[in-house]
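Thanks for coming, everyone. I'll keep this brief. Please have the structure open while I talk.

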Amino acid sequence: MSTTYQHSVLIGNDNVNCNNVANYRDNTFNLNNIIADENPEIMKWLSPLDPRGRHHDVRTDRIDGVGNWLLETNEFRKWRSYEGGADRAVLFCSGNPGVGKTYLR
Amino acid sequence: MQRESGSGENIPKVSSRSIWKKWELSPTVSNISSLVIDDLCDGPCSEEIAIAMFYCDFRDQREQTTTNIVGAILKQLVVRGEVLEHVQEAFKKAKKEVGSRGLRLPDMVQMLKQAVTTLPRVFICIDALDECPPQHLSGLLVSLRDTLHESPGARIFFTGRPQVQAEIEKRFTGSVIVPISPKVHDIERYLEKKLEMDTESDAMSDALRADILRVIPQRISGMCVVESLVLISCIILD
């Protein structure tokens, strides 16, 4: 069980291939459950928060194709590929967040 | 409809048949974060990459303490087949103590440093930093900075409102800033999807639908979200 989680976090080690990434992306909740099943006390002791569950919710609501421009910027590409070394280790996207949900009246 | 004096004077009168829609029109920073996280997960498989994420949320400020946030990041990095030994040892030690006492932030940060330094590449993504409780923001940034200093393989991605930029720059010299604002393509894509999923699609004519797709993206590109919301309300009512 824990091996599955290992593959979800570490991309590309030993026998891991890209399929495991897809596996992770489609099964965030399941994988969280696996962690909880395996080490519930330790995980709860580290933190009661569940960031992967939140990620699952956000990505489920995301509209495809929106915001992709960021991934093409030089700033992001360099950050992602470790250009600039430790001096360029932090990338901050600055913007005003949404202020409400969709609703009709 | 009774309006408060001085408010909404430029908004056309609303008939009983009018539809009023308010849509959040920008690719929010949370969307950007989830996109980045998924892009990292989809990346090249030639090397070991670990990814940890956290979404700050003002609705959960009570639980989102510095210690809990650092712990939430840590628990995404400690399982390598089984939980890392140094974390297991710390847990066993804590359990033996009276009341099985919780972790202190310095202990948590120390464990995070140990976990991160054993990985060749680690991406830590923190969304909506401005929603981190103010009393915990400095502690979080300092904890991450200290972790980064000892881990050349670590990268940190933040999103947040512009007002936290100074806090970030103070702790992370050389940090790269990318402004996020609604782009024409993003707004077009968003509107297309919203119109497609509209539960009252019969209430809108094809002409109005076409106008929305034609006019709104050009008008609101680069605006802040609040302005965008007002504008779309007016146009749909017109």
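Which strand of chain B does S1(A) pair with in the parallel sense over five bridges? Keep that question in mind while we look at chain A. One caution before that: this is a predicted model.

Chain A has 105 residues, and 34% of them are buried. It holds seven helices and two strands. Walk along it from the N terminus and the order is α-α-α-α-α-α-α-β-β. Now the contacts in chain A with a separation of 6 or more. Of these, 41% are between residues 24 or more positions apart.

Next, strand S1 of chain A. It spans residues 90-94 and is mostly covered, with five of its five residues buried. Look at one side of S1(A): you will find Val90(A), Phe92(A) and Ser94(A), all buried.

The partner is strand S6 of chain B, residues 154-160. S6(B) and S1(A) run parallel, joined by five bridges. To see one of the pairings, find Cys93(A), whose bridge partner in S6(B) is Thr159(B).

S1(A) also pairs with strand S7 of chain B, residues 176-179. Here there are four bridges, and again the strands run parallel. Find Ser94(A) this time: Pro179(B) in S7(B) stands opposite.

Now to the helices of chain B. Two packed helices are described by the angle between their axes and the distance between the axes. Take H4(B), residues 105-117, and H5(B), residues 134-149. Their axes come within 9 Å and cross at roughly 35 degrees. The crossing of H4(B) past H5(B) is right-handed. Who makes the contact? From H4(B) come Leu105(B), Val109(B), Leu112(B), Lys113(B) and Val116(B). From H5(B) come Gly139(B), Ser143(B), Asp146(B) and Thr147(B). By type, that is four nonpolar, three polar and two charged residues.

One last stop: Arg214(B). It sits in helix H8 of chain B, which covers residues 206-220. Is Arg214(B) buried or exposed? Count the other C-beta atoms within 10 Å: there are 11. The cut-off for exposed is 12 or fewer, so Arg214(B) is exposed. Now compare Arg214(B) with Gln165(B). They are 49 residues apart in sequence, and their C-alpha atoms are 34 Å apart in space.

That's my tour. Over to you.

Terms used
Residues numbered from 1 in each chain as written. Chains lettered and ligands numbered in written order. Predicted model: local features only at pLDDT ≥ 70, side-chain atom pairs only at ≥ 80, totals over all residues. Buried ≥ 20, exposed ≤ 12 C-beta atoms within 10 Å, placed from the backbone. Contact = placed C-beta atoms within 7 Å. Pairing = 2+ DSSP bridges. Axes fitted to C-alpha atoms, helices over the stretch in contact; angles between N-to-C directions. Left-handed = near helix turned anticlockwise from the far one by under 90°. Nonpolar A, V, L, I, M, F, W, Y, C, P; charged D, E, K, R; others polar.
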